[in-house]
Amino acid sequence: MSDAPKKPALPNAQTVTEVKHWTDRLFSFRVTRPQSLRFRSGEFVMIGLMGDNDKPLLRAYSIASPSWDEELEFYSIKVQDGPLTSKLQHIKVGDEIILRPKPVGTLVHDALLPGKRLWFFATGTGIAPFASLMREPETYENYDEVIMCHTCRDVAELDYGRELVESLADDPLIGEMVGGKLRYFPTTTREESPVMGRITTKLEDGSLFEALNVPPICAENDRAMVCGSIGLNMDLKRILEGFGLEEGANSKPAEYVVEKAFVD
Ligand code: A2P
């Protein structure tokens, strides 16, 4: 037997089951799910690694997988000098991460009043909670139409979302429910692509509604969920309120909800 001191077990450890690098700035990974963890699609949890001083280094991450999935999926940016993501980007299958099993968040169906059309507005890794909600049956039970708008700097940064959207039609569990209800509107701002520009501009000049052939957003029919940078969130709050929508919360459902895309 070795006399070497045993490494202390990580608190709330979960095992990495899959890692996929999308660009040099973005990666996604899946981990085992604690049996006791219940969450609502769209919520976030604290995850991380042990820091140098043997203290957990945790950050808020939206769960990108739906509530019915056996595993948990996350989608992350890689920041070369970021305290957590500089290390997290090197995880491999079989490694352990820390997961604090206390899901919370406002991007949940409970925070919205009933409506006809649901808009998801995301920039960058802000698509993570919608990766969960796009795979959630309730999304399609509650709405006639769901429109996923995702804006990134470059075309490659759209890949995670695009692949997910494309996979849904044939998904054995959710495919039939999605059945033509989900529309996808990707745009880029810094690299040439079929649709270029910020989503905020397209909302303000009406070109988004024209492109999708839908009426402008109104409080009676439309509901929205927003997840991106603080700048995007503030701009969209102003724009959505201009259309007459009110901000909702778990305790007081209304017409739109906002959450910051956390790790930067
Ligand atoms: P832009 O290239 O014009 O800054 P980031 O990678 O910095 O998080 O940005 C992701 C995407 O979000 C980029 O395409 C960026 O456009 C866009 N973006 C950033 N701020 C806003 C904002 N306030 N309103 C709309 N889009 C934004």
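**Close-up views of a predicted model**

Figure 1. Strands of a sheet pair through backbone hydrogen bonds, either parallel or antiparallel.

**Figure 2. Strand β8 and its two partners.** Strand β8 covers residues 145-152. On one side, 7 bridges join β7 to β8, and the two run parallel. Arginine 117 has glutamate 145 in β8 as its bridge partner. β8 also pairs with β9 in the parallel sense, over 7 bridges. Here valine 146 has leucine 182 in β9 as its bridge partner.

**Figure 3. Side chains of strand β8.** In a regular strand the side chains alternate between the two faces of the sheet. In β8, Glu145, Ile147, Cys149 and Thr151 point one way. Val146, Met148, His150 and Cys152 point the other way. Residues in both sets are buried. With 8 of its 8 residues buried, β8 is largely enclosed by the rest of the structure.

Figure 4. Strand β10 spans residues 222-228 and pairs with β11 in the parallel sense, over 5 bridges. Methionine 225 has valine 257 in β11 as its bridge partner.

Figure 5. A polar side-chain atom of arginine 153 lies 2.9 Å from an oxygen atom of the ligand. The side chain of arginine 198 also has an N or O atom 2.9 Å from a ligand oxygen atom. For threonine 200, a polar side-chain atom lies 3.5 Å from a nitrogen atom of the ligand. On its own, the ligand has 560 Å² of accessible area, and the protein covers 80% of that.

**Figure 6. Strand β1 between two antiparallel pairings.** Strand β1 (residues 13-21) is joined to strand β2 (residues 26-32) by 5 bridges; β1 covers residues 13-21. These two strands run antiparallel. They form a hairpin with 4 residues between them. Valine 19 has phenylalanine 29 in β2 as its bridge partner. β1 is also joined to strand β6 (residues 96-104) by 3 bridges, again antiparallel. In that pairing, glutamine 14 has isoleucine 97 in β6 as its bridge partner.

**Figure 7. A buried aspartate in a loop.** Aspartate 69 lies in the loop between β4 (56-62) and β5 (71-77). Its relative accessible area is 11%. The cut-off for buried is under 20%, so aspartate 69 counts as buried. Leaving aside residues up to four places away in sequence, aspartate 69 touches Arg30 and Arg33.

**Figure 8. Threonine 85 in helix α1.** Threonine 85 is found in helix α1, which covers residues 85-88. Its relative accessibility is 2%, so threonine 85 counts as buried. Threonine 85 and leucine 49 are 36 residues apart in sequence. In space, their C-alpha atoms are 9.6 Å apart.

**Figure 9. Two loop residues with positive phi.** Most residues other than glycine have a negative phi. Aspartate 54 is not a glycine, yet has a positive phi of about 60 degrees. Aspartate 54 sits in the loop between β3 (44-50) and β4. At 59% relative accessibility, aspartate 54 counts as exposed. Asparagine 213 also has a positive phi, near 55 degrees. Its place is in the loop between α7 (207-212) and β10. Asparagine 213 counts as exposed, at 70% relative accessibility.

Note on methods:
Residues are numbered from 1 along each chain as its sequence is written. Side-chain values use heavy atoms; hydrogens and water are left out. Two strands pair if DSSP finds at least two bridges between them. Buried means under 20% relative accessible area, exposed over 50%, partly exposed in between (1.4 Å probe, protein chains only). Contact means heavy atoms within 4.5 Å. A polar contact is a pair of N or O atoms within 3.5 Å; within protein, one must be able to donate a hydrogen and the other to accept it, and residues adjacent in sequence count only if both atoms are side-chain atoms. Accessible areas come from the Shrake-Rupley method with a 1.4 Å probe; for residues, only the protein chains shown count as cover.
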